[in-house]
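Take a walk through this protein with the model open beside you.

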Amino acid sequence: MWCAVSSRCIVESYFFEENGVLVTVNGHRFFKILNQFFYPELRRRRISFNSIWFQQDGATAHIARPVIAELQRKF
């Protein structure tokens, strides 16, 4: 499960599932939710990427090279 919390809003929970079955979060799946779920949700709520701090822990999926490169590019 993943969610985002800020002083402005809570981005609803995202459950990592494929065909209704919970799956392990990896770098590829995390990268995918950033682009297909989180970014569109920020746009929908009209929250500027420049106005937020994106913080996460050191989980393996969070520090995958493509994920780090994407987050550095976006934030």
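The lining of the largest pocket divides into 13 nonpolar, 5 polar and 1 charged residues. Keep in mind that this is a predicted model. The pocket itself has a volume of about 340 Å³. In total, 19 residues line this pocket. Closest to its centre are Ala4, Val5, Phe38, Trp53 and Phe54. The largest share, 4 residues, comes from E1.

Now turn to the core. In soluble globular proteins, nonpolar side chains tend to be buried together. Here, the largest nonpolar core has 16 residues. Those with the most contacts inside this core are Trp2, Val11, Phe30, Leu34, Phe38 and Tyr39. Strand E1 (2-5), helix H1 (27-44) and helix H2 (65-74) each bring at least two residues to the core. H1 gives the largest share, with 6 residues.

Look at Tyr39 next. Leaving aside residues up to four places away in sequence, what does Tyr39 touch? Its contacts are Leu34, Phe49, Glu70, Leu71, Lys74 and Phe75.

Is Arg45 buried, exposed or partly exposed? Arg45 is partly exposed, because its relative accessible area is 26%, and the partly exposed range lies between under 20% for buried and over 50% for exposed. Arg45 and Val11 are 34 residues apart in sequence, and their C-alpha atoms are 9.6 Å apart in space. Not counting residues up to four places away in sequence, Arg45 touches Cys9, Ile10, Val11 and Glu12.

Terms used. Residues numbered from 1 in each chain as written. Predicted model: local features only at pLDDT ≥ 70, side-chain atom pairs only at ≥ 80, totals over all residues. Heavy atoms only, no water. Core = buried A, V, L, I, M, F, W, Y, C linked by side-chain atoms within 4.5 Å. Buried < 20%, exposed > 50% of the residue type's maximum accessible area, 1.4 Å probe, protein only. Contact = heavy atoms within 4.5 Å. 1 Å grid on protein atoms, 1.4 Å probe; cavity = no way out; pocket = protein on both sides within 12 Å on 5 of 7 lines; lining within 4 Å. Points joined across faces, edges and corners; volume = space filled by probe spheres on them. Nonpolar A, V, L, I, M, F, W, Y, C, P; charged D, E, K, R; others polar.
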